[in-house]
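The following exercises concern one protein structure. Please work through each task before reading its solution.

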Amino acid sequence: MESSGEADPAGQDQDRRLAASLTARYSDWVLEALDELPGCFLLTDPSLAGHPIVYASRGLATLTGYARREVLGRNARVLQGAATDRAAVAGVREAVRAQRAHQVDILNYRRDGSPHWVLLHLAPVFHAADGRLLHFLAVQVPIAAAARRPPCRAAAAMFAACREEARVDEDFPCASHAGKVFVDMDKRGLGAEEPRVASDSEKEKAMSTANSIFSALNRYSKLTGLVVCGKRCDSVGIQALSSSLNLSLGRIKQSFVLTDPHLPDMPIIYASDAFLSLTGYSREEILGCNCRFLNGPGTSMEVLEEINQHICSEQACTVDQLNYRKDGSSFRDLLHVSPIRDASGKVAFHIWVHLDVGTKHDFNGLTPEVWQLGAVGAVRVAVRGLSASGSLLRPSQ
């Protein structure tokens, strides 16, 4: 329901502000790149009044019936309805306040008022260098009807406070047609279906979609010198490795990092000196970051998905990937990723061994692949030996 009159200057100004939330931080091409990605997702900007939606994927229109223009500038509560659980909303709001990732099974509502269950995967987008919160990413994956659970309080919600009636936010006015388009959401969905629970495959799909979006943001943010990650890139909350393990790892000559699969976003917890020399980053810049900060223009989404699948199945893989140094220069990276198990057989870390194939190396008569496996073997020996004695991590102070 669009007005037939002249363009509204206030509305045009708002459109520019919303677009600039992305283009000013990444590049002018980021919107086009996001449009090419599959899936249903939103990006919101917590720095703008009302925490509005600044990007909505094409998949959102297919899933919900809302056109992009109908949701841009609005708070994500527009997708909620009468059956939204207030306690769950408070939990999601707390995750937003704490600027941390969150997953929840949520009963959302389409434009026509009909309810539908989705898995909401919420992830903060941080500036990798200084830790500033830039955006929130919300991926929605439909939950199959067969995935049900016993009756319980309905989990739900997006970002905002407990359900409010759809309205124009005074300090961040929505588009002029909003009042005509949206139904009274406090009166819809009263006959909502029973709760559903997301399957493992649906959770993996949400994670995979989120990883693809982060890679796209990094790919285009390289043009503005920005690197983003899903967790503040610092060592807060990461327990330090023991001095014995650090000493053992320091003897390994190859370029590699260790990541912790048990922490959100699989942060880097160790980086070798050779890795720092290869990439140009300091140790302080990358500890706590996900490895995706190396990605950029030309990085293969298919290869990233292959790595993710092998990590999920706790299997090793070797790929040829285009990665980037801190100075923006690219290099062909022969990357080997492998789980590292402790003495009990559980995966303690993942090792990522990087090799610039465009640079001459002295492998002592070995093939590049065998050279990389030498690092994996050395790390495995150190981790298994020290884990048996409980000496992997530094005791908490």
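**Exercise 1.** Which side chain meets that of Glu-314 in a salt bridge?

*Solution.* The model is predicted, so local features need pLDDT of at least 70 and side-chain atom pairs count only at pLDDT 80 or more, while totals for chains, interfaces and linings use all residues. Residues are numbered from 1 along each chain as its sequence is written, and side-chain values use heavy atoms, with hydrogens and water left out.

Step 1. A salt bridge is a side-chain nitrogen of Lys or Arg within 4 Å of a carboxyl oxygen of Asp or Glu.

Step 2. The partner of Glu-314 is Arg-341, at 3.5 Å from N to O.

Step 3. Glu-314 lies in the loop between helix H11 (301-312) and strand E9 (317-324), and Arg-341 in strand E10 (residues 330-341), so the pair ties together parts that are 27 residues apart in sequence. Helices (H or I, at least four residues) and strands (E, at least two) are DSSP runs, numbered from the N terminus.

**Exercise 2.** With which strand does E7 pair over 5 bridges?

*Solution.* Step 1. Two strands pair if DSSP finds at least two bridges between them.

Step 1. The partner is E11 (residues 347-356), in the antiparallel sense; Leu-258 stands opposite Ile-351 there.
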